[in-house]
Amino acid sequence: MWTRPDTGDTPVSYPVPTYSAVKGIFESILWLQSAEVIPEKAEVCRPIVYHNYTTNYGGPLRKGKSMDANVPYQLIASVLVNVCYRLYASVVSDLAGLGTGQGPEAKGCTNGAHAYQELFERRLKRGECHSILCLGWKEFVPDYVGLFRDGTTVQTDV
């Protein structure tokens, strides 16, 4: 669910993740103070399929009557199903973050981008992450995050 802000209280997803969503996905796998992730490209590898999704919201942003009666608000959204993306980003050293005593720079590393690449690839192979990845909304988690698979092809019609 890459929410389009113009769709109001019945959200509809963009077909691809936004710039900030791609940045968040990369940083969910690995975040370093000494490097900055700059998203560059997202490729669609499966046909775009929308699905109507309904969930009950019981949080504090409901109307007063609904909260008093303890009635949830039904949120209806148009979300994507069975998505597959290839995400690309550049990583640059963040010189302002060096020397803080945290991460690779504390061990004498002065190239945050290089350290990021090595640690990122190691985490992908091990299936580790800095925080739980999500695909827009927290209830939408990926079933695979890793290196490109041989059978994955990019949709050229998108």
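**Figure 1. Contacts and elements along the whole chain of the predicted model.** Among the contacts in the protein chain with a separation of 6 or more, 70% are accounted for by residues 24 or more positions apart. The model shown here, as in every view that follows, is a predicted one. The protein chain holds 3 helices and 4 strands, and when these are read along the sequence they follow the pattern α-β-β-α-β-β-α. Of the 158 residues in the protein chain, buried residues make up 30%.

**Figure 2. The largest nonpolar core and the elements that contribute to it.** In soluble globular proteins, nonpolar side chains tend to be buried together. In this model the largest nonpolar core has 25 residues, and those with the most contacts inside it are W2, F26, Y116 and F120. Two or more residues of this core come from each of helix 1, strand 1, strand 3, strand 4 and helix 3, and it is helix 1 that gives the most, with 5 residues. Y116, one of the residues with the most contacts inside the core, touches F26, E27, L30, L32, A35, V37 and V91 when residues up to four places away in sequence are not counted.

**Figure 3. The buried residues of helix 1.** Seen residue by residue, the buried part of helix 1 is made up of A21, V22, K23, I25, F26, S28 and I29. These buried residues pack against strand 1 (35-44), strand 4 and helix 3.

Figure 4. The C-alpha atoms of L87 and V44 lie 9.0 Å apart in space, although the two residues are 43 residues apart in sequence.

**Figure 5. E43 and its polar contact with Y88.** E43 is found in strand 1, and with a relative accessible area of 16% this residue is buried. The side chains of E43 and Y88 are joined by a polar contact of 3.1 Å. Leaving aside neighbours within four places in sequence, E43 is in contact with C84, Y85, R86, Y88 and V154.

**Figure 6. Q155 in the segment after helix 3.** The place of Q155 is in the segment after helix 3, and, not counting residues up to four places away in sequence, Q155 touches V44, C45, R46 and P47. The C-alpha atoms of Q155 and Y85 are separated by 9.8 Å, while the two residues stand 70 residues apart along the chain.

**Figure 7. The largest pocket and its lining.** Rolling a probe the size of a water molecule over the atoms shows where empty space is left. The largest pocket has a volume of about 1,200 Å³, and of the 42 residues that line it, the closest to its centre are Y85, L87, Y144, V145 and G146. The elements that give two or more residues to this lining are helix 1 (19-29), strand 3 (73-80), strand 4 (85-93) and helix 3 (112-126). By class, the lining of the largest pocket divides into 31 nonpolar, 6 polar and 5 charged residues.

**Figure 8. The second largest pocket and its lining.** The second largest pocket has a volume of about 150 Å³, and the residues that line it are I29, R123, L124, G127, E128, C129, I132, L133, P142, Y144 and V145. This lining has 8 nonpolar, 1 polar and 2 charged residues. Y144 and V145, which belong to this lining, are also among the residues closest to the centre of the largest pocket.

**Figure 9. Two asparagines with a positive phi.** N70 is found in the loop between helix 2 (64-68) and strand 3, and its phi is near 55°, a positive value in a residue other than glycine. With a relative accessible area of 61%, N70 is exposed. N82 lies in the loop between strand 3 and strand 4 and has a positive phi of about 55°, although it is not a glycine. The relative accessible area of N82 is 60%, and therefore N82 counts as exposed, the limit for exposed residues being over 50%.

Conventions: Residues numbered from 1 in each chain as written. Predicted model: local features only at pLDDT ≥ 70, side-chain atom pairs only at ≥ 80, totals over all residues. Heavy atoms only, no water. 1 Å grid on protein atoms, 1.4 Å probe; cavity = no way out; pocket = protein on both sides within 12 Å on 5 of 7 lines; lining within 4 Å. Points joined across faces, edges and corners; volume = space filled by probe spheres on them. Nonpolar A, V, L, I, M, F, W, Y, C, P; charged D, E, K, R; others polar. Contact = heavy atoms within 4.5 Å. Buried < 20%, exposed > 50% of the residue type's maximum accessible area, 1.4 Å probe, protein only. Polar contact = N/O pair within 3.5 Å; in protein donor to acceptor, adjacent residues only side chain to side chain. Core = buried A, V, L, I, M, F, W, Y, C linked by side-chain atoms within 4.5 Å.
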